[in-house]
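Hi,

Here is the structure I promised to pass on. Have a look at it first, and then read my notes below.

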Amino acid sequence: AHLARIAAVDEKVHAFLHVDREGALAQARAVDEKRARGEELGPLAGVPLALKDIFTTEGIPTTVGSKILENWIPPYDATVTKRLKDADVVILGKTNMDEFAMGSSTENSAFGPTGNPWDLTRIPGGSGGGSSASLAAFEAPLALGTDTGGSIRQPAAMTATVGVKPTYGGVSRYGMVAFSSSLDQGGPCARTVLDAALLHAVIAGHDPLDSTSIDQPVPDVVAAARQGDVTGLRVGVVKEFRGEGYQAGVMQRFDESVELLRELGAEVVEVSCPSFTKALAAYYLIAPSECSSNLARFDAMRYGLRVGDDGSRGAEEVTALTREAGFGDEVKRRVMLGTYALSSGYYDAYYGSAQKVRTLITRDFGKAFESVDVLISPTTPTTAFPIGERADDPMAMYLADLCTIPSNLAGNAAMSLPCGLAPEDGLPVGLQIIAPAMADDRLYRVGAAIE
Ligand code: GLN
């Protein structure tokens, strides 16, 4: 049924870069056979899922939305892919994304934008717009995303779906193509909080193949989602996340959510996190710095595209020609910025300062969590904007992640869930819930209570 739905609507939505029809049917049949033999089935047996094209899949193309990896077929599965298969999930295909997950709209994909199912002339958010759009268009009931600065939560907000960035280190990064290694985190996307929890439980947990993976028990997110109760819980409203640039209808729906939490028995207080105003600036130094180092591996020798290799040129020239042709504008911009920020003489002024701001942000969170259990804010300052509107204005694009970036810098857990439609444009608004590191269960407890 999901393959039929994809065939009917994906020409318009363009959530998928690759639909693995045969593979999905074979996986589904294998589940049926297992069931017929009376074998024990995985926890998500037979449930279809759309996988962001950043997770490697053995034998299935993985492009990361880039021409530089067009036609590359990975020889191995990411840990997340493997865990999905072990859970008997049926992987439908790979979803569209901003190139190397750099963007907030999915317009930076080398393979064309994805439309927001709520209004196809608008962006679905980014970088994981394909995953969230596939849920909103009912092409898949579950999807996987990655969140470096908001790429799970921001598209969730713009498509009225649920998206969770787990605690950094909670989900393995092995086989997840690296953008900014100290920020990247894979996580679940779904249409309900409980669905997201069921997926979270399958993909989370220690992985010896990822050196930053946390070797501790995963919080019981499924029990928390089933509990869904906020009585006596202390909720902090982040003061810095409102004001100029925040759409009136977004704030209206947010304020209604605050009231609802009060009615449900939560104790709501205002908290201040003054360093959050510097988060965007720090992020746009740290993320490009790490990307300039991570993307050095795309040298035309090891993977994917190779341009100008006709015997007349040396390796360095082939690398340069390949990168010129294979990387898009935003990726080049970030590599240039990052290389500059890391260069000797500028390192302390840019990268060093940004790391100090990162520490201040982490301390702001630490202080806030001394007096509250969770923090809340709008997920994004505005609803989905029209395709093309911010494409030539990187600064305007970067603002879409204003509220999501602090959690990546601090490494804690955060969720976006729908909280109604903005009255002025009828488009979805997202509510963000933030919990301390390794308290991912609190997101599900609060989310399920107000869903
Ligand atoms: N929009 C942010 C960026 O462009 C975040 C992207 C992400 O989370 N992958 O870097």
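Leu261 sits in helix H8, which runs over residues 248-263; helices here are DSSP runs of H or I with at least four residues, strands are runs of E with at least two, and both are numbered from the N terminus. Leu261 is buried, since 23 other C-beta atoms lie within 10 Å. (Buried means 20 or more other C-beta atoms within 10 Å of a residue's own, exposed means 12 or fewer, and partly exposed is in between, with C-beta atoms placed from the backbone.) Its contacts, leaving out residues up to four places away in sequence, are Val230, Val235, Ala266, Val268 and Ile450; a contact means that two C-beta atoms, placed from the backbone, lie within 7 Å. Leu261 and Thr231 are 30 residues apart in sequence, with 9.0 Å between their C-alpha atoms.

Two things to know before you go on. This is a predicted model, where local features need pLDDT of at least 70 and side-chain atom pairs count only at pLDDT 80 or more, while totals for chains, interfaces and linings use all residues. Residues are numbered from 1 along each chain as its sequence is written.

Now the whole chain. The protein chain has 15 helices and 11 strands. Its radius of gyration is 21 Å, close to the 22 Å that the globule rule gives for 451 residues, so the chain is as compact as a globular protein of that length. (That radius is taken over C-alpha atoms, and the rule is 2.2 Å times the number of residues to the power 0.38.) Along the principal axes, the C-alpha atoms fill a box of roughly 70 × 65 × 45 Å. Buried residues make up 56% of the 451. Of the contacts between residues at least 6 apart in sequence, 75% join residues at least 24 apart.

Next, the core. The largest nonpolar core has 123 residues, and Leu49, Val193, Val374, Ile433 and Leu443 touch the most other members; such a core is a set of buried Ala, Val, Leu, Ile, Met, Phe, Trp, Tyr and Cys residues joined through C-beta atoms within 7 Å. In soluble globular proteins, nonpolar side chains tend to be buried together. Beyond its neighbours within four places in sequence, Val193 is in contact with Val162, Ala225, Leu417, Tyr444, Gly447, Ala448 and Glu451.

Which residues does the UniProt annotation "active site" cover? The record, an unreviewed entry, lists Lys52, Ser127 and Ser151; UniProt positions are given in the numbering used here, feature names are shortened, and annotations may be inferred rather than shown by experiment. These three span 100 residues in sequence, yet no two of their C-alpha atoms are more than 10.8 Å apart, so they gather at one spot.

Ser127 is in the loop between S3 and H4, and with 35 C-beta neighbours inside 10 Å it counts as buried. A cis peptide bond, with omega about 5 degrees, joins Gly126 to Ser127. Ser151 is in the loop between S4 and helix H5 (153-159) and is buried too, with 36 other C-beta atoms within 10 Å. Residues touching Ser151 from beyond four places in sequence include Ala101 and Ser127.

Most residues other than glycine have a negative phi, and most peptide bonds are trans.

Last, helix H4. Eight of its eight residues are buried. One of them is Ser134, with 38 C-beta neighbours inside 10 Å. Among the residues that Ser134 touches beyond four places in sequence are Ala15, Phe16, Ala50 and Thr95. Just after H4, Phe138 takes a positive phi of about 60 degrees.

Cheers
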